Amino acid sequence: MQTILVTGGAGYIGSHACVELLQAGFKVVVVDNFSNSKPESLVRVQKITGLSPTLYQADIRDKQALSDIFAKENIDAVIHFAGLKSVGESCSDPLNYYNNNVYGTLVLLEAMNEANVKNLIFSSSATVYKESTINQYAEDFPLGSINPYGRSKLMIEEILRDVSTADKINQSATPWKIVLLRYFNPIGAHESGMIGEDPNGIPNNLLPYVSQVAIGKLAQLSVWGDDYPTRDGTGVRDYIHVVDLVKGHIKAIDALDAEQFKNGACKAYNLGTGTGYSVLEIINTFEKVTARPVNYKIAPRRAGDLAECFANPALALAELHWQTEKNLDDMLADAWRWQSNNPNGYE
Ligand code: NAD
Ligand code: WQD
C-alpha cells in the first residue's frame with residue numbers, strides 16, 4: 001500500500017483528493033494548518049469513506065514539523081495543495097502569498113530531499129499561462145502571470161524545473177519525479193453533498209457566488225462584463241468537476257512509474273475538460289438543473305479577467321490516461337447539493 005502525504009488536505013480540492021485516494025486504497029497523511037479550512041472536512045471524509053487520513057495540524061513552513069512527519073510516516077509521494085489562492089488578496093498582501101506559497105514549497109522540498117522522498121504532484125494553475133490570442137491553452141504555450149498569486153505558482157514551477165534539472169548534474173540515484181498539474185476552473189462537490197467548497201466571507205469565484213445567491217445568502221450576482229468577444233459577450237472558462245480533477249492526481253501518481261518519468265522528470269499537464277462555458281450559460285444551466293432562479297445584473301468588466309480560456313487536455317489523455325467523466329449538469333447539481341445541505345458550509 002502506498003502512503004501519500006497530502007499538504008492542504010483539509011481544503012476544497014484536498015478533501016476531495018483524500019476521499020478518492022482512500023477509496024483507491026492509498027494510505028493518506030494530511031498536513032494542514034487550517035488557515036483556510038476546518039477539521040470538519042476531514043470528519044466528513046471519514047464519514048464518506050469509512051476510513052481516516054492521519055492528520056498533522058502543522059504549517060508547511062515549519063521544517064521540524066515536516067521532518068518529523070517524514071520520519072514517522074513511510075511517505076511514497078506528496079500531493080502539494082497547501083497554499084493561498086485568492087488573486088485579489090495576493091495583490092493587497094503579496095508578501096504573505098510569496099511566503100506561504102513559494103517559501104512554504106521550498107521548506108517542503110528541503111524536507112522531502114532530506115527524507116529522500118522525491119515524488120511530487122504540484123497544484124499549479126492555468127493562471128501561469130501568458131494571455132494568448134488562441135483561447136485553447138496547451139502546455140507549451142508561453143508562460144507569464146499578471147498577479148502575485150499567479151506569479152507565485154509560476155515561480156514554484158520554475159523552482160521545480162530547476163530541481164529536476166539539477167538531478168542530471170548531480171547524477172542522483174533517486175531522481176525527482178515531478179508532475180505540475182495546471183488546473184482550469186474546479187467547481188462542484190462530492191456527489192454525497194457532504195464535502196464541498198466553503199469560502200470565507202464573500203466568494204470571489206463564480207460558482208460559490210451563484211450558489212449563495214440561489215440559497216438567498218447573497219442578493220445578486222454581478223456578471224463582470226457582457227461585451228467580451230465571446231458567443232454571448234460574457235467570459236468563457238473551462239469548468240471542471242472537482243472529483244474529475246482529483247482523479248487526475250491519482251493518474252499522475254500512477255504515471256510516476258511510467259516510461260516518461262523513469263529517469264526523473266518535471267512535466268506539466270493541463271487538467272481541464274477542453275470545453276468552455278460562458279457566465280450566462282453557467283447561470284442558465286444552474287437554473288435548469290436546480291430549478292432555482294439566480295438573480296443577476298450585468299456589471300462592468302473585472303480588472304485582469306480574460307475573455308476566454310479553456311484547456312487543451314490532449315497531453316493528460318495521452319500520457320496520464322486521464323479524461324473528465326462528468327458534464328456541466330453534474331458539476332452544478334453537485335455544487336447545489338453541497339450548498340443546500342450545508343447552507344453555512346462546515347459551520
Ligand atoms: P483551499 O484554500 O480550500 O485549500 C488549501 C489548504 O491548504 C487549506 O486547507 C489551507 O488551510 C491549507 N494551507 C494553506 N497554507 C498552508 C500552510 N502554510 N501550511 C499548511 N496548510 C496550509 O484551496 P483549494 O481550492 O483546495 O486549492 C488547493 C490548491 O490548488 C492551491 O494550491 C491552489 O492554489 C490550487 N489551485 C486552486 C484552484 C481553484 O480554483 N480552487 C485553481 C488552480 C489551482
Ligand atoms: C469565472 C468567470 C468572471 C465572479 C480564478 C483565478 C484563477 C484560478 C481560478 C486558482 C469569469 C465571471 C466571476 C462573479 C462573474 N484559481 N464572474 N461574477 O477568474 O477564471 O479564475 O479562479 O488558480 O487563478 O483567477 O474564475 O470563478 O473568478 O471567474 O461574472 O461574481 O466568471 O468574470 O469570466 P477565474 P472566477
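Modeller: What follows starts at the ligand, then turns to the strands and the ring pairs.

This is a predicted model, where local features need pLDDT of at least 70, side-chain atom pairs count only at pLDDT 80 or more, and totals for chains, interfaces and linings use all residues. Residues are numbered from 1 along each chain as its sequence is written, chains are lettered from A and ligands numbered from 1 in the order in which they are written, and side-chain values use heavy atoms, with hydrogens and water left out.

Start with ligand 1. There are 27 residues around it, and I13, D32, N36, S37 and Y149 come nearest. A residue counts as near if one of its heavy atoms lies within 4 Å. The shell divides into eleven nonpolar, eleven polar and five charged residues. Here Ala, Val, Leu, Ile, Met, Phe, Trp, Tyr, Cys and Pro are nonpolar, Asp, Glu, Lys and Arg are charged, and the others, Gly among them, are polar.

Now the polar atoms. A backbone N or O atom of G11 lies 3.2 Å from an oxygen atom of ligand 1. A polar backbone atom of I60 is 3.0 Å from a nitrogen atom of the ligand. An N or O atom in the side chain of K153 sits 2.8 Å from a ligand oxygen atom. The protein covers 95% of the 820 Å² of accessible area that ligand 1 has on its own (Shrake-Rupley method, 1.4 Å probe).

Helix 1 (12-23), strand 5 and helix 6 (148-170) each give two or more residues to the shell. Strand 5 gives the most, with three. Helices (H or I, at least four residues) and strands (E, at least two) are DSSP runs, numbered from the N terminus.

Strand 5 (residues 119-125) pairs with strand 4 in the parallel sense over three bridges. Pairing requires at least two DSSP bridges between two strands. I79 stands opposite I121 in strand 5. Strand 4 also pairs with strand 1 (residues 3-7), again parallel, over four bridges. There, T7 has H80 as its bridge partner. In strand 4 (residues 77-80), A77 and I79 point one way, V78 and H80 the other, and all are buried (under 20% relative accessible area, 1.4 Å probe, protein chains only).

Last, the rings. The count is four aromatic pairs, with ring centres of Phe, Tyr or Trp (its six-membered ring) within 6.5 Å. Y129 and Y137 form a tilted pair, 5.4 Å centre to centre, with 35° between the planes. Ring pairs link Y129, Y137 and F141 into a cluster.

Definitions and conventions
Buried means under 20% relative accessible area, exposed over 50%, partly exposed in between (1.4 Å probe, protein chains only). A polar contact is a pair of N or O atoms within 3.5 Å; within protein, one must be able to donate a hydrogen and the other to accept it, and residues adjacent in sequence count only if both atoms are side-chain atoms. Rings of Phe, Tyr and Trp (its six-membered ring) pair if their centres lie within 6.5 Å; planes under 30 degrees apart count as stacked, over 60 as edge-to-face and the rest as tilted.
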